[in-house]
Amino acid sequence: MRLNLKTKLAAGLAALLLAGSAHAQSTAACGGDFNAFLQGVKAEALARGVPADVADRALAGAAIDQKVLSRDRAQGVFRQTFLEFSKRTVSQSRLDIGRKKLKDLAPVFQRAEQEFGVPGPIIAAFWAMETDFGAVQGDFNTRNALVTLSHDCRRPELFRPQLLAAIEMVGHGDLDPNGTTGAWAGEIGQVQMLPKDIIEFGVDGDGDNHVNVKQSSPDAILTAARFIQHLGFVKGQPWIQEVSVPDVLPFEKTGLQPGMTAADWFALGVKPRDGDTSFGNLEASLVLPQGRKGPAFITYPNFKIYLEWNQSFIYTTSAAYFATRLAGAPPYERGTPEEGLSEDSMKQLQTKLQGLGHDVGKIDGILGSGTRAAIQKEQLRLGLPADGWATQALLSAL
């Protein structure tokens, strides 16, 4: 499943802006006559060393996919709470399948951890979250999706490099321009990766001299492991840990902000459910997805790889929690969180916060990072526990 483009696309844009101006202009070309556009793509592919016959084969029959444009225009952010989303995604069925996959493919997962330092449960959780272990990989023609988004002038600088990488994959025999399908934004395979990343981090896990992340689970698992290592995962360190929190706490320090270690939180009465305080020296954030009365987690530096994978806080927290379950942790304590706000009430709250001078971004009814930060400031001003959770009491108080 794909909730939004991964932050690595933004990183790709930053790298692009640092390149030479001629190259930047070339990669940003968009719109206009479609055949002329394809000729421009071919010329750029040839300049990168792609043989002419490969470029011709990759682009033959390319077409604009209006459904891709519709999906791009209609990108939404899901409005489920952490309890709702995690209950749906971290289901018993998925846990059972994930544990079986870890057992059946144990040598592959062991290799992933030995070579790249990434534990199997982390990869398996992404595998489940993205495609239900390969069962739902998307039915958009990958070449056409990338052609469409490169020709469209909204974000060609993000997608044209991915189209060129897809052409390169055709030359490797790892992408069929007419048959390979995936997500609407060009991600491919069992863990939904973009062509540039498949080329850079791809691993032939089954020894057939190809990186086939659609059909080959070993290829997908090891490629994901190498990519996660690239994102900064540190072997032997935790990523998230469920905790209980006391009633009295400097809640204004909670959220994904620096400045505290796990030991600092433990000293304030935060208690790990598993009793493990051995990583107290690590930087740590205390996250409360549904406020101080709901589930609570300490996130460690390795949690950043989840934020690199997907920008959604609810998705990343659920994926990280999923991995802990596959690693043997019990279900989280649901707690008794206060009822949140409806979409309309959230928009009212955002409007009020904006009127008070806070930057909440778009008034969209979504409890995003900007809105959470603004809520904490107002809760602190009003003498309320500043846990960042939007409630009717807070809306009424403003």
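The side chains of Arg111 and Glu115 meet in a salt bridge, with 2.9 Å from N to O; a salt bridge is here a side-chain nitrogen of Lys or Arg within 4 Å of a carboxyl oxygen of Asp or Glu. The structure is a predicted model, in which local features need pLDDT of at least 70 and side-chain atom pairs count only at pLDDT 80 or more, while totals for chains, interfaces and linings use all residues. Residues are numbered from 1 along each chain as its sequence is written, and side-chain values use heavy atoms, with hydrogens and water left out.

Arg111 and Glu115 both belong to helix α8 (residues 106–116), where they lie four residues apart, about one turn of the helix. Helices (H or I, at least four residues) and strands (E, at least two) are DSSP runs, numbered from the N terminus. Arg111 is partly exposed at 28% relative accessibility, and Glu115 is likewise partly exposed, with a relative accessible area of 42%; buried means under 20% relative accessible area, exposed over 50%, and partly exposed in between, computed with a 1.4 Å probe on protein chains only.

Over the whole structure, a search finds 16 salt bridges. In general, side chains of opposite charge can pair when their charged atoms come close. One of these salt bridges joins the side chains of Arg73 and Asp152, at 2.9 Å from N to O. This pair links distant parts of the chain, since Arg73 is in helix α5 (residues 66–73) and Asp152 is in the loop between α10 (142–151) and α11 (156–172), 79 residues apart. Arg73 is partly exposed, with a relative accessible area of 45%, whereas Asp152 is buried, with a relative accessible area of 13%.

Another salt bridge is formed by Arg273 and Glu333, whose closest N and O atoms are 3.4 Å apart. Arg273 lies in the loop between β4 (271–272) and β5 (285–287), and Glu333 lies in the loop between α16 (313–326) and α17 (343–355), so the pair ties together parts that are 60 residues apart in sequence. Arg273 is partly exposed at 37% relative accessibility, and Glu333 is partly exposed with a relative accessible area of 49%. Elsewhere, salt bridges that share partners join Asp72, Arg73, Asp152, Arg154 and Arg155 into one network.

Helix α3 (residues 34–47) packs against helix α11, their axes coming within 10 Å and crossing at roughly 65°. Axes are lines fitted to C-alpha atoms, for helices over the stretch in contact, and angles run from 0 to 180 degrees between N-to-C directions. The crossing of α3 and α11 is right-handed; a crossing is right-handed if the near helix is turned clockwise from the far one by less than a right angle, and left-handed if anticlockwise. The contact (heavy atoms within 4.5 Å) is made by Phe37, Gly40, Val41, Glu44 and Ala45 of α3 together with Arg160, Leu163, Leu164 and Ile167 of α11. These residues divide into six nonpolar, one polar and two charged, where Ala, Val, Leu, Ile, Met, Phe, Trp, Tyr, Cys and Pro count as nonpolar, Asp, Glu, Lys and Arg as charged, and the others, Gly among them, as polar.

Helix α3 also packs with helix α4 (residues 52–59), at an angle of about 145° and with the axes 9 Å apart. The crossing of α3 and α4 is right-handed. Leu38, Val41, Lys42 and Leu46 of α3 meet Ala52, Ala55, Asp56 and Leu59 of α4, and the residues of this contact divide into six nonpolar, no polar and two charged.

Four strands form an open sheet in the order β4-β3-β6-β5, with antiparallel pairing; two strands pair if DSSP finds at least two bridges between them. Strands β4 and β5 stand at the edges, each with a single partner strand, so one side of each is left without a neighbour in the sheet. Strand β3 (residues 240–244) and β4 are paired in the antiparallel sense over two bridges, and the bridge partner of Ser244 in β4 is Lys271. Helix α16 packs on the sheet, where it touches β3, β5 and β6 (296–299), and its direction makes about 95° with that of β3.
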